[in-house]
Structures are given as C-alpha cells and as structure tokens.
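Have the viewer open and follow along.

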Amino acid sequence: MSIIKGERSSTFRNKFKRHDSANSYSLVSAARKGVKPELFYDLALVMKMPEKNLAQIIHVSPRTISNYKESKKTLDPVQSEHLLKIISMYELGEEIFGNVDEFNYWLQKPFWNDKEKPIDWLVTPGGVDLITDELTRIAYGDAI
C-alpha cells in the first residue's frame with residue numbers, strides 16, 4: 001500500500017497543501033477562521049462528486065455556497081471543519097487505495113456486515129472520523 005511506501009503523489013495533498021489538517025489543533029483552528037467557498041468547489045471537483053451531493057453531506061444548500069462565494073464570505077466553522085475533515089480523510093483514502101476512483105469505489109461498498117456504506121457516514125464530522133479510523137486500521141493491516 002502506498003501509505004506505507006509513500007510512492008505515489010497525492011492529488012489531495014497537491015491540491016489542498018495549504019490547508020494543514022494533519023492534526024486536530026490546526027484543523028479546528030482553520031475551521032474556526034472559516035474556509036473560503038472555493039474550497040467547497042475544489043473539493044467536489046477532486047472528489048468527483050456533484051456539488052449538490054457534497055452540499056447535502058455538509059448540510060447546506062448549493063445556493064448558500066454560491067451566495068457565500070459571491071459575497072466573499074467564509075463558511076461557518078462547523079461547515080469548514082466538516083470540509084477539512086473530509087479533505088483529510090480523502091488524502092488518507094487516496095494514499096491507501098492509490099487513487100480517488102478506487103477510494104470512491106470503496107466508499108460505495110457496504111461494510112461491517114451492514115447495508116450501510118462508508119459514504120453514508122460522511123454526513124457528520126464524527127462519521128468522517130469513524131471512516132478515517134477505519135482507513136487507518138486498513139493501512140496498518142488491522143481491518144475488521
């Protein structure tokens with residue numbers, strides 16, 4: 001796996017390198033300041049997810065994001081934190097699976113002997129944390 005070997009360059013790390021989400025303090029600090037709405041659009045593009053779907057995940061309307069962009073406002077801290085956590089999770093997922101397409105495929109597969117899929121858990125920051133924890137277990141061969 002590339003997370004251990006460090007062989008592949010990351011689309012997410014390259015695109016979002018200015019957003020330090022490597023530790024909880026820097027992530028929350030950045031979220032408290034608010035992120036620019038452009039981050040939302042960049043994330044949707046790199047995730048290969050329709051903007052309306054990403055907006056649903058962070059519980060905001062696409063029109064609200066558009067209004068924030070037009071008025072040059074930052075997103076509120078809760079939405080900002082949610083986006084930054086998703087970026088961090090995608091960075092890890094891309095490292096483990098090799099590319100965004102493979103990670104997106106994994107997100108769509110049911111897991112934990114359940115009908116739910118990992119992507120279903122992304123609607124809360126805690127759900128993103130749960131998926132990140134699962135990815136970490138996979139990276140170190142401790143998948144359940």
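What covers the buried residues of α3? The cover includes α7, where contact means heavy atoms within 4.5 Å.

## Ground rules

This is a predicted model, in which local features need pLDDT of at least 70 and side-chain atom pairs count only at pLDDT 80 or more, while totals for chains, interfaces and linings use all residues. Residues are numbered from 1 along each chain as its sequence is written, and side-chain values use heavy atoms, leaving out hydrogens and water.

Helix α3 spans residues 24–33 and has Ser 26, Leu 27 and Ala 31 as its buried residues. Viewed down the axis of α3, these fall within an arc of 135°, so they line one face of the helix. The arc is taken from the directions from the helix axis to the C-beta atoms.

Tyr 25, Arg 32 and Lys 33 are exposed on the other side of α3. Here buried means under 20% relative accessible area, exposed over 50%, and partly exposed in between, with a 1.4 Å probe and protein chains only. Gly 34 follows α3 and has a positive phi, near 90°.

## Where α7 meets α8

Helix α7 (residues 77–97) packs against helix α8 (residues 100–107) at an angle of about 105°, with the axes 8 Å apart. That makes α7 roughly perpendicular to α8, a label for angles of 65 to 115 degrees. By class, their contact has seven nonpolar, two polar and two charged residues.

Asn 104 sits in helix α8 and counts as buried because its relative accessibility is 17%. Beyond residues up to four places away in sequence, Asn 104 touches Met 47, Lys 48 and Tyr 90.

Note on methods:
Axes fitted to C-alpha atoms, helices over the stretch in contact; angles between N-to-C directions. Helix = DSSP H or I, 4+ residues; strand = E, 2+ residues; numbered from the N terminus. Parallel < 35°, antiparallel > 145°, perpendicular 65-115°, else oblique. Nonpolar A, V, L, I, M, F, W, Y, C, P; charged D, E, K, R; others polar.
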